[in-house]
Amino acid sequence: MKKKKQNGGSAFERFASKTSKAAGSTTAFIGAFVIVLAWAVSGPIFDYSETWQLVINTGTTIITFLMVFLIQKAQNKDSLAIQLKLNELVASNEHSSNSLVDIENMTEEEMIIVQKFYRHLAELAKKDESIRTSHSLTEAHSQHEYKDKNRTEHRVARNKTKK
């Protein structure tokens, strides 16, 4: 495996990251606003010609086209970093389901199944009186069965003492 520089990977990666951060800055917005303002003010000088309109259209189209790729590259890196951090949290927690590690590579249908699992878990948690809920569907079922069993035993014991 190629050893990457400590400061963030390939030259393009560093360029994409710095450029996307700079493009989202206040300075970049003010710069773009000044360019558009200068273009608008120059309209009467150029008699609002087609060339005058073409300048702003071409410039914005080229910048937008290139920025889409730069921002997507930076976003891909950020997204991967977040996925890896979440995978570490899931993998390091003994109560978490390891099926969630690398979930981003599941098909949409598989993700829908996992989503249904968590909806069911949320429904079980709503029945729970405590804000501290279980970490897995199996554990949730076990805890609720245990609670139901205890409630039944307490009812039976209360009924016996009333008689």
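Q: Hey, how many helices and strands does the protein have?
A: The protein has five helices and zero strands (both are DSSP runs numbered from the N terminus, helices being H or I of at least four residues and strands E of at least two). Along the sequence, this reads α-α-α-α-α.

Q: What kind of model is this?
A: It's a predicted model, where local features need pLDDT of at least 70 and side-chain atom pairs count only at pLDDT 80 or more, while totals for chains, interfaces and linings use all residues. Residues are numbered from 1 along each chain as its sequence is written, and side-chain values use heavy atoms, leaving out hydrogens and water.

Q: What share of the residues is buried?
A: Of the 163 residues, 14% count as buried (under 20% relative accessible area; exposed is over 50%, partly exposed in between, with a 1.4 Å probe and protein chains only).

Q: And how do H1 and H3 cross?
A: The axes of H1 (residues 11-23) and H3 (residues 50-92) come within 8 Å and cross at roughly 105 degrees (axes are lines fitted to C-alpha atoms, for helices over the stretch in contact, with angles from 0 to 180 degrees between N-to-C directions). That is why H1 counts as roughly perpendicular to H3 (65 to 115 degrees; under 35 is roughly parallel, over 145 roughly antiparallel, the rest oblique).

Q: Which residues make that contact?
A: On the H1 side they include Phe12, Phe15, Ala16 and Thr19, and on the H3 side Met67, Leu70, Ile71 and Ala74 are among them (contact means heavy atoms within 4.5 Å).

Q: New topic: where are Asp47 and Tyr48?
A: Asp47 sits in the loop between H2 and H3, and Tyr48 is in the loop between H2 and H3 too. Asp47 has a phi near 60 degrees, a positive value in a residue other than glycine. Tyr48, also not a glycine, has a positive phi near 50 degrees.

Q: Which residues form the nonpolar patch on the surface?
A: Phe29, Ile30, Phe33, Val34, Leu37 and Val41 do, with about 610 Å² of accessible area together (Shrake-Rupley method, 1.4 Å probe, only the protein chains shown counting as cover for residues).

Q: What about Val41, where is it and how accessible?
A: Val41 belongs to helix H2 (residues 26-41). Its relative accessibility is 54%, so Val41 counts as exposed.

Definitions and conventions: Patches are made of residues with over 30% relative accessible area and no salt bridge: like charges are joined within 9 Å, nonpolar side chains (Val, Leu, Ile, Met, Phe, Trp, Tyr) within 5 Å. A salt bridge is a side-chain nitrogen of Lys or Arg within 4 Å of a carboxyl oxygen of Asp or Glu.
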